[in-house]
Structures are given as C-alpha cells and as structure tokens.
Amino acid sequence: MPILKVIFLAIIQGLAELLPVSSSAHVIVAEKLMGLDPSSPQMTLLLVMLHTGTMFAVIVFFWKTWKEAYFSSSAAFSRFAQRLVWATILTGILGEAIKKLIEKTVFRGAPKAEIEDLFGRLDLIAPALAAAGMLILIAGFYERRQKRRAESGDTITFRQASVMGLVQGLALPFRGFSRSGSTISTGLLAGAAKDQAERFSFAMAVILTPAVVALEALRLEKAHRAAVTAGVPIDSHGAVLYSTLGMLFSFLAGLVALKWLSSWLENGRWYLFGIYCLLASGVVFFLYTQGF
C-alpha cells in the first residue's frame with residue numbers, strides 16, 4: 001500500500017476515533033473507496049495500530065485530569081481501579097459471547113470463518129451507525145433537559161461502570177456502533193456527569209487497546225503462516241512497519257479530535273454527533289447500493 005494511503009487512513013482514524021462517530025466505519029468506507037480489503041489481516045492490524053496511536057493521544061490529553069480525579073489519593077485510585085477492572089471484565093465477557101454467537105450462526109459450516117470477515121460489510125455498518133446516532137441523540141437531549149452540572153471529583157458508580165462496560169462489549173464486534181459514542185451516552189443516561197463519563201470511557205479504551213492489538217497481531221501471524229504454506233506469503237514485516245507509521249499520524253490527529261470533543265461536551269452539543277451518525281448511516285447505505 002502506498003505510504004500516502006496509510007497517512008490518509010491514519011488522519012481519518014485519528015480525527016474520528018475520539019469523536020463519537022465510529023472511526024472504524026469511516027476508515028472502512030475510505031478503504032472501500034480506495035479499493036482495499038478491510039477484512040484482510042494486514043488492514044485489521046493497521047486499524048488496531050491506528051487505535052493504539054489514539055490510545056496514546058488519550059493518555060497525553062487526559063493525564064492531568066486523570067491524575068487529579070483518580071490519583072489524588074490511594075482511596076480514589078482504588079475506587080477507580082475497581083470500577084475500571086469490573087467494566088473491562090464485562091466488556092470481555094459480552095464481546096466474546098457475541099463474537100462466538102455470530103461465528104457459530106452466521107458462519108455455520110464455513111471453515112476458518114472469523115467475525116473480522118464482516119468488517120467490510122457496509123450493509124451492516126449503516127444500521128450500526130444509525131443505532132449509535134439514535135443513542136447519542138437520546139442521551140444528548142436527556143442531558144440538556146437535566147442540565148446536570150459536571151463534577152470533577154470522584155469516579156462513576158459501579159452501576160454506571162457496569163452499563164458502560166456492557167455497552168462497550170456490544171460495540172466491539174459491530175463496526176459503526178461507536179465505542180466512545182455509545183459508552184459516553186450510556187454513562188449520561190445512567191446519571192453520570194459529562195466529564196466523568198468522558199474520562200471513564202477513554203480510560204476503558206486505554207485498557208482494552210493492548211489486548212486488541214495483540215489479538216490482531218496473532219491473527220496476522222496465523223495468516224502469514226497459512227500464506228507461506230500456500231506459496232503466496234504475506235509481507236508481515238511491511239504491514240507492521242506501515243501500521244507503526246500510521247500509529248504516529250493517528251496520535252497527532254487524535255490530540256486535535258480530543259480537544260474538539262471536550263469542547264462540544266462542555267457546550268451541550270453532544271446531540272449533534274447523533275445527527276451526524278444518522279446522516280453518515282444514509283451515506284454508507286447509499287454506497288452499499290452502489291456496489292461498494
């Protein structure tokens with residue numbers, strides 16, 4: 001793949017990942033338009049490495065507020081860590097259950113079928129975007145009506161962490177169902193303040209990303225061994241190199257997106273992201289009807 005395409009995808013990922021509009025949907029559509037295969041091991045590895053870049057952007061951007069809210073005392077850190085671990089456990093349980101269910105139903109009888117094979121399906125991405133858009137709209141209007149003042153002290157409750165963790169698990173297998181959009185919206189609907197829901201949502205992403213990167217690296221290695229056996233080897237070293245380059249650019253773009261997101265959250269414009277997701281859903285479905 002030309003380096004310019006990698007940089008282009010990295011910028012799209014970085015800008016969209018930390019906004020509640022589903023970066024995966026945007027990157028997959030861009031890959032389709034460029035004639036790439038979003039479900040190939042090389043492209044899924046690139047995608048998760050782009051996620052890694054934005055993970056580092058999250059750490060840099062939120063470190064000061066995390067330090068004040070979660071590391072101010074051992075008690076505050078303990079409360080935060082317990083809720084974060086619990087939410088991540090729920091994410092893993094639900095995400096893996098949905099993944100296995102899809103692979104055993106949709107792919108019944110197909111050898112070596114993986115859920116990643118569905119990632120390029122625009123007919124599935126469009127309704128996922130619409131569902132995320134509706135959830136964001138509902139949460140946005142609910143938050144404006146409640147006029148809840150943001151609190152910057154303690155972390156969220158166990159109940160709020162639980163529902164956010166479960167929704168994150170639901171978002172993992174479905175490209176288009178924005179992870180950040182769905183978890184922050186769920187947090188707002190569960191009664192969390194805006195800044196609490198935002199901070200905790202991205203903390204969950206930081207914990208989750210290394211595991212996802214490891215899984216995709218393993219998937220690429222398995223594909224490489226299979227390709228060597230078949231006599232058509234995959235350039236796995238090149239894929240890793242290009243993915244690392246993409247991670248750098250997504251990090252820079254992610255910092256820009258985070259500043260914008262925080263500003264919109266503070267100004268009560270969360271619902272506008274829901275409108276965008278609904279419009280994007282229509283565009284994706286149109287592209288599907290055109291054969292992409």
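In the predicted model, Lys100 forms a salt bridge with Glu96, and the closest nitrogen and oxygen atoms of this pair are 3.7 Å apart. Both Lys100 and Glu96 belong to helix 4, where they stand four residues apart, or about one turn of the helix. Lys100 has a relative accessible area of 38% and is therefore partly exposed, and Glu96, with a relative accessible area of 38%, is likewise classed as partly exposed. By the rule applied here, which asks for a side-chain nitrogen of Lys or Arg within 4 Å of a carboxyl oxygen of Asp or Glu, the count of salt bridges comes to three.

Another of these salt bridges joins Asp123 to Arg121, with 2.9 Å between the closest N and O atoms. Asp123 counts as partly exposed because its relative accessibility is 22%, and Arg121, at 35% relative accessibility, also counts as partly exposed. A further salt bridge is found between Arg199 and Asp195, whose closest N and O atoms lie 3.2 Å apart. Because Arg199 and Asp195 are four residues apart in helix 8, which spans residues 194–230, they are separated by about one helical turn. Arg199 is buried, with a relative accessible area of 4%, and Asp195 is buried as well, with a relative accessible area of 11%; both assignments follow because a residue is called buried when its relative accessible area is under 20%.

The fold in which these pairs are set can be described next. The chain contains 10 helices and zero strands, so that, by the DSSP runs on which the assignment rests, the pattern read along the sequence is α-α-α-α-α-α-α-α-α-α. Of the 292 residues of the chain, 52% count as buried.

The packing of particular helices was then considered. Two packed helices are described by the angle between their axes and the distance between the axes. Helix 4 packs with helix 6, which covers residues 158–171, at an angle of about 30 degrees, and the two axes are 7 Å apart. Helix 4 and helix 6 are therefore roughly parallel to each other, a description that applies because angles under 35 degrees are placed in that class. The crossing of helix 4 and helix 6 is right-handed. For helix 2 (residues 23–33) and helix 3 (residues 41–70), the axes come within 12 Å and cross at roughly 140 degrees. This angle makes helix 2 oblique to helix 3, because the roughly antiparallel class requires an angle over 145 degrees. Helix 2, too, passes its partner, helix 3, in a right-handed crossing.

The patch is formed by Val85, Trp86, Ile89, Ile93 and Phe158, which together have about 470 Å² of accessible area. One of these residues, Val85, lies in helix 4, and at 48% relative accessibility Val85 counts as partly exposed. For membership of such a patch, a residue must have over 30% relative accessible area, and the value of 48% for Val85 is therefore in keeping with this cut-off.

Phe285 and Leu124 are 161 residues apart in sequence, while their C-alpha atoms are 8.9 Å apart. Phe285 lies in helix 10, which covers residues 270–289, and with a relative accessible area of 46% Phe285 is partly exposed. In the other pair, Ala69 and Gln196 are 127 residues apart along the chain, and a distance of 9.2 Å separates their C-alpha atoms. Ala69 is placed in helix 3, and its relative accessibility of 4% means that Ala69 counts as buried.

Most residues other than glycine have a negative phi, and most peptide bonds are trans. Ser22, although not a glycine, has a positive phi of about 70 degrees. Ser22 is located in the loop between helix 1 (3–17) and helix 2, and at 6% relative accessibility Ser22 counts as buried.

How values were computed. Residues numbered from 1 in each chain as written. Predicted model: local features only at pLDDT ≥ 70, side-chain atom pairs only at ≥ 80, totals over all residues. Heavy atoms only, no water. Patch = residues over 30% accessible without salt bridge, like charges linked within 9 Å, V, L, I, M, F, W, Y side chains within 5 Å. Areas by Shrake-Rupley, 256 points an atom, 1.4 Å probe, with all protein chains shown as cover. Helix = DSSP H or I, 4+ residues; strand = E, 2+ residues; numbered from the N terminus. Buried < 20%, exposed > 50% of the residue type's maximum accessible area, 1.4 Å probe, protein only. Axes fitted to C-alpha atoms, helices over the stretch in contact; angles between N-to-C directions. Parallel < 35°, antiparallel > 145°, perpendicular 65-115°, else oblique. Left-handed = near helix turned anticlockwise from the far one by under 90°.
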